[in-house]
Amino acid sequence: KDKAILQHTREIGWFTDILRANKVRSYLEIGSKHGGSLWWVANSLPKGSRVASIDLPGGDGSFKETKPSLNACVEQLKALGYDAHLCLTDSTSPEAIEFAKRLGPFDAVFIDGCHTLEGVKADWKNYGPMGRLVAFHDIGWKREGVTGKNAAIRVPELWARLKADYRHEQITESHKDNGIGVLWRS
């Protein structure tokens, strides 16, 4: 029942304000970990909204087991009256893409899965066209000298390229990481 979010609360609050202002009623989240951001966003949408998550539990190794809390989150959203769905697999798998296609298109897509350049590009290619609004997490990652898994966070590179071609807004609360950017595809 862990509803803690891994985003800054001011950033996710800003994001949900944009979703409400754009009358979002269908939402796809790529990378939900424990379900904190999924819970936060879903509860900002009208009851009955379609909410879907694609997640690879323990995918980055930072948490040993996220599946129970994410499953519980989706079940609780259903009990509250949301049309909630969950697909537990790698976002690049054919199963995940078909899952999203069956439920889409979406008013908004939030990409927070694999943070390598190849991974975030694949999520943009596979899921970006399914959303009227497409958001990315970790657009502000700026830690110098970082090694290990965090050295592979390359979301800012793709964000810099994409935002030049779309109406966009962004927020970065921290000076060294996180941040959310939103693109309007239509």
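Because the model is predicted, local features need pLDDT of at least 70 and side-chain atom pairs count only at pLDDT 80 or more, while totals for chains, interfaces and linings use all residues. Residues are numbered from 1 along each chain as its sequence is written, and side-chain values use heavy atoms, with hydrogens and water left out.

The protein chain contains 6 helices and 7 strands; helices are DSSP runs of H or I with at least four residues, strands are runs of E with at least two, and both are numbered from the N terminus. Read from the N terminus, the elements follow the order α-β-α-β-α-β-α-β-α-β-α-β-β. Of the 186 residues in the protein chain, 51% are buried, where buried means under 20% relative accessible area, exposed over 50%, and partly exposed in between (1.4 Å probe, protein chains only). The protein chain exposes about 8600 Å², of which carbon and sulfur atoms supply 51%; these areas come from the Shrake-Rupley method with a 1.4 Å probe, and for residues only the protein chains shown count as cover. Among contacts (heavy atoms within 4.5 Å) between residues at least 6 apart in sequence, 71% join residues at least 24 apart.

In β1, 5 of the 5 residues are buried, so the strand is largely enclosed by the rest of the structure. In a regular strand the side chains alternate between the two faces of the sheet. In β1, Ser26, Leu28 and Ile30 point one way and Tyr27 and Glu29 the other way, and all are buried.

Strands are taken to pair if DSSP finds at least two bridges between them. β1 pairs with strand β2 (residues 50–55) in the parallel sense over 5 bridges; leucine 28 has alanine 52 of β2 as its bridge partner, and glutamate 29 stands opposite serine 53. β1 also runs parallel to strand β4 (residues 106–111), joined to it by 4 bridges, with alanine 108 as the bridge partner of tyrosine 27.

Together, β1, helix α2 (residues 36–42) and β2 make a right-handed β-α-β unit: with the strands pointing away from the viewer, the path from the first strand over the helix to the second runs clockwise. β2 is mostly covered, with 5 of its 6 residues buried. A parallel pairing over 6 bridges links β2 to strand β3 (residues 83–88), in which alanine 84 is the bridge partner of valine 51.
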